[in-house]
Amino acid sequence: MDSGLAAAWQVHAAIHVRLLDALGEDALEATLAKGKSVRTLFAHTHNVRRQWLEPSAPALAAKLPKLDTKAPVATATLRAALVASGAAVTELFVSAAATEKIKNIALPPAVFLAYLVSHESHHRGQIGYTLKNSGHPLSKEDAYGLWEWRSR
């Protein structure tokens with residue numbers, strides 16, 4: 001398997017952290033009617049990563065806290081969790097390089113990567129939409145900065 005899967009995942013995970021870093025506390029609390037807050041969407045992203053790691057890499061999952069999506073998570077805790085879960089998923093893809101399989105995941109590693117990126121990008125879109133429509137739009141610099149992959 002191409003080791004580029006782990007590198008592709010790292011770029012994707014770094015974009016999430018960069019987006020979080022661009023937001024102030026008010027923006028993290030932004031929500032739309034009946035929607036989840038931006039903070040909760042980031043916590044959900046981490047928790048889903050952890051959920052996938054539980055059957056495929058239990059030792060990696062055990063190192064990751066499950067974040068409470070019913071109560072506000074401190075920004076520093078949220079950031080640390082996203083960085084840690086991003087690194088754990090990177091390890092998963094690195095270990096899959098030898099066998100071209102991921103334990104207890106029926107999808108081939110490249111397809112699983114596409115699934116994870118699609119799921120998280122959906123939520124990143126929700127975050128952007130929520131920010132824009134709640135009076136907390138990203139600056140042009142931050143919005144375009146999410147696409148500056150070479151600087152990762």
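Let's start inside helix α5, whose buried residues are Leu-78, Ala-81, Leu-82, Ser-85, Gly-86, Ala-88, Val-89, Thr-90, Leu-92, Phe-93 and Ala-96. Keep in mind that you're looking at a predicted model. What do the buried residues of α5 pack against? Their partners are α1 (4–21), α3, α4 and α6. Here's a handy bit of background: an α-helix has 3.6 residues a turn, so residues three or four places apart point the same way.

Now for the length of α5. With 25 residues at 1.5 Å a residue, α5 should span 36 Å, and its end C-alpha atoms sit 37 Å apart, which agrees. Just after α5 comes Glu-100, which takes a positive phi of about 60°.

Keep going and you reach Leu-107, in the loop between α5 and α6 (109–133). Leu-107 has a relative accessible area of 33%, so it counts as partly exposed. Together with Val-111 and Tyr-115, Leu-107 makes a nonpolar surface patch of about 240 Å².

Next, hop back to helix α3 (residues 38–56), where you'll find Asn-47. Is Asn-47 buried or exposed? Its relative accessibility is 12%, and because buried means under 20%, Asn-47 counts as buried. Leaving aside residues up to four places away in sequence, Asn-47 touches Pro-65, Lys-66, Leu-67 and Thr-69.

Finally, look at Lys-63, in the loop between α4 (58–62) and α5 (75–99). Lys-63 has 66% relative accessibility, so it counts as exposed.

Note on methods: Residues are numbered from 1 along each chain as its sequence is written. This is a predicted model: local features need pLDDT of at least 70, side-chain atom pairs count only at pLDDT 80 or more; totals for chains, interfaces and linings use all residues. Side-chain values use heavy atoms; hydrogens and water are left out. Helices (H or I, at least four residues) and strands (E, at least two) are DSSP runs, numbered from the N terminus. Buried means under 20% relative accessible area, exposed over 50%, partly exposed in between (1.4 Å probe, protein chains only). Patches are made of residues with over 30% relative accessible area and no salt bridge: like charges are joined within 9 Å, nonpolar side chains (Val, Leu, Ile, Met, Phe, Trp, Tyr) within 5 Å. Accessible areas come from the Shrake-Rupley method with a 1.4 Å probe; for residues, only the protein chains shown count as cover. A salt bridge is a side-chain nitrogen of Lys or Arg within 4 Å of a carboxyl oxygen of Asp or Glu. Contact means heavy atoms within 4.5 Å. The expected span of a helix is 1.5 Å times one less than its number of residues.
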